[in-house]
Amino acid sequence: MIETLLTVLVVLLCCGVVYAVAGARVVKQYERGVVFRLGRLRREVRQPGFTMIVPAVDRLRKVNMQIVTLPVPAQEGITRDNVTVRVDAVVYFKVVSPADAVVAVEDYRFAVSQMAQTSLRSIIGKSDLDDLLSNREKLNQGLELMIDSPAVGWGVHIDRVEIKDVSLPETMKRSMARQAEADRERRARVINADAEFQASRKLADAASEMSRQPAALQLRLLLTVVAVAAEKNSTLVLPFPVELLRFLERAQQPAAPPPADGSGGSTGSRANGPSADGSAAQGSPADEPVAEPSGAAPAGAPGAGQAPARAGALAGVTARRAAGEAPASTARPRTQGTPARAGGEAGPGAVASRDERRDDGR
């Protein structure tokens, strides 16, 4: 009997040890335990450390309380300004209620992932391309609110949401590059024009100041010469005053030439016109034929018939010279039928014309 009792005790002890080992559980620091007893949720959440459950009666579910990083696959959508883009994001969340995370939703990870994808598509459709590229903070906050609202009932808290990348079509990239280049060129031109305007105002002020002080222009010229002379590979040209060039030009001008009408300067010429005392000067008889009285010319000499007319013309010219008037050009020209006088004598018309030219020369 004693041996039988000892055997039963050992067996019972072994069963108790096995039962105790089967009900022993260890919950880690970043986990929480949810116990289901016969399918019913126990309100008590097992804390980290060693804990016991009833084997074959209780079931323990461990829930990770760490922040989970969930990447959201790239979603393709059309923005409000009709641009096709692909946007991917990342969601950071954690479980705040282990019981709700186990009971309220079948798989809270999958639920958060799907909610993030749909919310991201909605954000793409409501936003412009410029907002997706430059105003991401506002979009991240809006996306976080959209995901966090249903996730609260699942015992999940959305910590933050970040848009990772926005992929654009190649044509849109080229268009944006041209737009950015044109904008930069516009700003460069505006800055250059502003600089030219300011420089022109400064130059106008400098010009007005130099106009009040002429010596400032000479000083500025000397400074420019000094600045140019500092370069070894430059040629320095010094300007001469214009007044000096004009003086040299006047010095090189020749004397006035004598009259070219042959009225003066020749040996055999006769000065005509009124003299200093008002009388008419006469040349030598050899230089100009003297009018003879009527009938003085021989009958057979050439031009004898024209002697009275020539005498009258010479008398009129002499009278006009004495009066200080210019001789009139009313002398009758020599006709074609009248031969020239022998020895180079000219007719009365030619003599009158020559006297007029001499008077004009004087």
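## Contacts of V156

V156 touches F93, K94, V95, V96, Y108, V112, D148 and A151, leaving aside residues up to four places away in sequence; a contact means heavy atoms within 4.5 Å. The structure is a predicted model, in which local features need pLDDT of at least 70 and side-chain atom pairs count only at pLDDT 80 or more, while totals for chains, interfaces and linings use all residues. Residues are numbered from 1 along each chain as its sequence is written, and side-chain values use heavy atoms, with hydrogens and water left out.

## Overall composition

The protein chain has 10 helices and eight strands. These elements are DSSP runs numbered from the N terminus, helices being H or I with at least four residues and strands being E with at least two. Of the 362 residues of the protein chain, 23% count as buried. Buried means under 20% relative accessible area, exposed over 50%, and partly exposed in between, for a 1.4 Å probe and protein chains only. Among contacts in the protein chain with a separation of 6 or more, 64% come from residues 24 or more positions apart.

## The largest nonpolar core

The largest nonpolar core has 36 residues, of which V85, V91, F93, Y108, V112, V156 and I158 touch the most other members. Such a core is a set of buried Ala, Val, Leu, Ile, Met, Phe, Trp, Tyr and Cys residues joined through side-chain atoms within 4.5 Å. Two or more residues each are given to this core by strand 2 (31-37), strand 6 (68-78), strand 7, helix 2 (98-103), helix 3, helix 4, helix 5 and strand 8. Helix 3 gives the most, with seven residues.

Helix 3 also holds Q117. This glutamine is buried, with a relative accessible area of 16%. Apart from residues up to four places away in sequence, Q117 touches V72, P73 and Q75.

## The aromatic pair

The count comes to one aromatic pair. Rings of Phe, Tyr and Trp (its six-membered ring) pair if their centres lie within 6.5 Å; planes under 30 degrees apart count as stacked, over 60 as edge-to-face and the rest as tilted. The ring centres of F93 and Y108 are 6.5 Å apart and the planes stand at 85°, so the pair is edge-to-face. The pair links distant parts of the chain, with F93 in strand 7 and Y108 in helix 3, 15 residues apart. Both partners are buried: F93 has a relative accessibility of 0%, and Y108 has one of 13%.

## Helix 5

Helix 5 (residues 136-151) has 16 residues and reaches 22 Å from its first C-alpha to its last, close to the expected 22 Å. The expected span is 1.5 Å times one less than the number of residues. Within helix 5, L139, N140, L143, I147, D148 and A151 are buried. Seen down the helix axis, these buried residues fall within an arc of 160°, so they line one face of helix 5; the arc is that of the directions from the axis to the C-beta atoms.

On the other side of helix 5, K138, Q141, L145 and S149 are exposed. The cover over the buried residues of helix 5 includes strand 7 (84-95), helix 3 (108-126), helix 4 (129-134) and strand 8 (156-167).

## Cysteines

The count of disulfides, each a pair of cysteine sulfur atoms within 2.5 Å, comes to zero. The sulfur of C14 is 6.9 Å from the closest cysteine sulfur, that of C15, which is too far for a bond. C14 is partly exposed, with a relative accessible area of 43%. C15 likewise counts as partly exposed, at 47% relative accessibility.
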